Amino acid sequence: MDVTVRCDNDVVVGIEGWLEVTGEFVEATKDLKLGELLHDENFGLFDAMSAIEMMDPKMDAGMACNREKKVLNFQQAVSEGKLKIKDLTNEERIGIIDDTFSCLVTWLEGHSLAQTVFTNLYLHSPSSIEDKCLASFSFLTLKLVDTVKQFVQRANMVEDEDFQSGHVYHVPCDISDTKVLTMTRLIEEEYQRKVKSFQRNTQEKSKKHINNDGRPIDSSEKANNNQSNDLPNDKSVGQNSSPSLDKEFEENSALYSRMKFCRLFFQSLMNLKKEVFTKNDNPKEFSVTLAAIDDVDKLLQQCSEIIQAWKKTLDLGIKPDPNIGSACYYRADYPTIMGFEPLINQRLLPPTFPRYTKMRSREEALKFMASLVSRIRHVCKIYLVQTFHAALDFFTEFSQPSPTSSSCVLSRSILQVLYIRGIPIVNKIFGITPLGEALREDVKNFIKPPSLCYKPSILNTYPQAKEFLDIFFTRCIKPMFFLIQINGHNRARQRDKLAQVLDELAALQEEAERVDNFLHNLLQKQEVPCSHLGFFSTWVLYHTIRVMIQYLLSGFELELYSAHEYSYIYWYLYEFLFNWMVSTLNRARTFIQEQESLAEQKNRNAKKSRQRKRKQKPHEREWILYQALQQLCGGYFRTVSAFRLENKLKLPWTGLHGERIRYEHRFMPFNVVITPPPVTYSQYKEMTDFCNDEKDGNRTNDLYIKACKCFQQAKVLLESVPDPNDEITSLIKVAKTNFVVIKLLLSGHKEDSKSLPEFDFSSNNKFPIIRIL
């Protein structure tokens, strides 16, 4: 449509709506002085700073395509003879498969599909590939990408910095999952026959060679001859064969192990997908589900075994030329072997600044896949968890990164969709038990409220009480579901979500108190009156404090705190949060013991039952652990305070951002919580004034002595924790080491050293080892 535009008293009619304004625009810029910006209502400073200068290679991602080398798509590369679709060598097949896995792992770590997986041209038109091995692998890769996307999207774990699933073009893959598995199995069996045929021929030659010499065959040779494992055994290979045949055997073995891994891994995800996306509301079918999960675990166990054989053949495939175009976009750390074009999808990227995508090496990709297989196997153990409290501990522990395995969005998503299925409000655990019922059972196990444990229950006598409890547990579903879902995100996103869920928990606290008061009034009317104050509110308080502790400790994992902030962070944990947590658990233990004693009075004949119950100590492990963590925080608080008195900490300039501002910023999310009440900065200064008295010369030694006692007490408590895991073992090491370091400081060790102390988080990412240099 033509438009009419008036410019300099002349009427200029644009063709099809376009008007050339370059000359007028350049002329107008001459009126601006150096450094001046034009401000308009619809174009402010923010728009100017976020605008992208088109056609500038440093700012426009699309300009990366304008290079001397022409970017070819699949059809163009095939027609020009630069892309082989048949008669590929085994070396080329191995290299393409290995680099595709490098791209897949890089995508799972947060990069876009367009810049990773779909730089493989073979994935753009797999039906045109005549090589059966490469065609089946390409189809399986497309199916694998689609399956991963379904898991992540179903779990709602899609975050900008964590997982990018979208791409703006459709890749044809119309064949079914079953057919893809069948194709892959046929290719796998073909290479297996080649491997076994070579082994059989080699063994026959070895027998003939031995018989001609007249020597008997010993037992070890017989064992080799009779060996018939699925994975190839190359111990006897190479003794009586040529180097070319040995190389062919190794390449066939490598392709066999890779195709088998792809089939088993995809099949395991398909079995999990069937469990997740198929509704299963019948409790009787739960045993069938457990059998299916056992099958998945067996498939993944085979994957782990195959990876060990895969590692030995990583150097067999073709590799990128390390000297290729160091000055251009084609880098040696990017797949540039036949079949890969890094810039093929550059035009499809959103208008943004160029993003450097560094691909994982083949060794790193294989290590990631081994870790991923191990994590998914661990996910399957969620079916052994029976209570909501234990499940929340499982989720929290699983989401934490470890030195041996990194957190992965796929494994976290699978855990989410396996445990809780369905939309919010009607979520069901394992697709069977409604979340509201699970929470009701969790409260019963945590604190044994009389309204849920007494028989006959007041819920039968007073319908209004039942209605109150039903409404309460319905309102509990949303925040408790969020607590589970939060652990599916990456650690940075978790911290943001934890601050948001505190609003829900604060409102739930008020609701719990109202329910407790209402039920208490009803129980006072019974023949045997009893109290119901503090039961449901204590349960909600426990989860609230747990979230607050998790929020503060996550700052150490994410390296958000400076060393000079450790004093008030550890102080807040020591004096308030862990103190409140220990008191809350003590209160729950007391309530449980009171309810058990009342139950014993009603049933005095169950003597054996009474003796067995007396031996059980509720929340014993958790109670000891939180006391130990409280003592650890006390040791750090006093040690850092002593460092500040001795000027051994680098303090920031207080001109613009004082300590009050930083303190209030760190604890801002806690302002919405009523219990425990937030601690203001002035209260913090009043309570820690004794630690900042520089005039008292013995103050530093007193702090060191108290810190020693704290670390020693923490060590003793941690060593008494039943069933210690790796986390507790690392904490014991931290407590022991810090105790020795503070003892050395008390003895005057390196008293004149001007070096600042270091906090080493290598052993534990929340509680560091103090090192004096």
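1. The structure holds 46 aromatic pairs, where rings of Phe, Tyr and Trp (its six-membered ring) pair if their centres lie within 6.5 Å. Ring pairs link Phe-556, Tyr-561, Tyr-566, Tyr-570, Tyr-636, Phe-643, Tyr-704, Phe-711, Phe-759, Phe-761 and Phe-767 into a cluster.

2. On the basis of the coordinates: this is a predicted model, in which local features need pLDDT of at least 70 and side-chain atom pairs count only at pLDDT 80 or more, while totals for chains, interfaces and linings use all residues. Residues are numbered from 1 along each chain as its sequence is written, and side-chain values use heavy atoms, with hydrogens and water left out.

3. Overall content: the chain comes to 25 helices and seven strands, taken as DSSP runs numbered from the N terminus (helices H or I, at least four residues; strands E, at least two). Of the 773 residues in the chain, 49% are buried; buried means under 20% relative accessible area, exposed over 50%, and partly exposed in between (1.4 Å probe, protein chains only). Among contacts between residues at least 6 apart in sequence, 77% join residues at least 24 apart, a contact being heavy atoms within 4.5 Å.

4. Two arginines sit over aromatic rings. Arg-375 lies over the face of Phe-398, at 4.1 Å from the ring centre. The charged end of Arg-495 is placed over the ring of Tyr-551, 4.0 Å from its centre. The criterion is NZ of Lys or CZ of Arg within 6 Å of the ring centre and within 35 degrees of the ring normal.

5. The axes of α4 (residues 90-108) and α8 (residues 243-277) come within 10 Å and cross at roughly 35 degrees. Axes are lines fitted to C-alpha atoms, for helices over the stretch in contact, with angles from 0 to 180 degrees between N-to-C directions. The crossing of α4 past α8 is left-handed, meaning that the near helix is turned anticlockwise from the far one by less than a right angle. On the α4 side the contact is made by Asn-90, Glu-91, Arg-93, Ile-94, Ile-97, Asp-98 and Phe-101; the α8 residues include Lys-247, Glu-251, Leu-255, Arg-258 and Phe-261. By class, this contact has eight nonpolar, two polar and six charged residues.

6. Thr-106 also belongs to helix α4. Thr-106 counts as buried because its relative accessible area is 1%. Leaving aside residues up to four places away in sequence, Thr-106 touches His-111, Thr-116, Thr-357, Lys-358, Met-359 and Arg-360.

7. Ala-707 is found in helix α24 (residues 699-719) and is buried, with a relative accessible area of 0%. Its neighbours, not counting residues up to four places away in sequence, are Gly-635, Arg-638, Thr-639 and Ile-742.

8. Backbone points to check. A cis peptide bond joins Thr-675 and Pro-676, with omega about -5 degrees; Pro-676 is in the loop between α22 (659-666) and α23 (681-687). Glu-559 is not a glycine but has a positive phi of about 60 degrees; Glu-559 is in the loop between α18 (535-557) and α19 (566-602) and is exposed, at 71% relative accessible area. Asn-647, in the loop between α21 (620-645) and α22, has a positive phi near 60 degrees and is exposed, at 63%.

Conventions. Nonpolar A, V, L, I, M, F, W, Y, C, P; charged D, E, K, R; others polar. Phe/Tyr/Trp six-rings, centres within 6.5 Å; stacked < 30°, edge-to-face > 60°.
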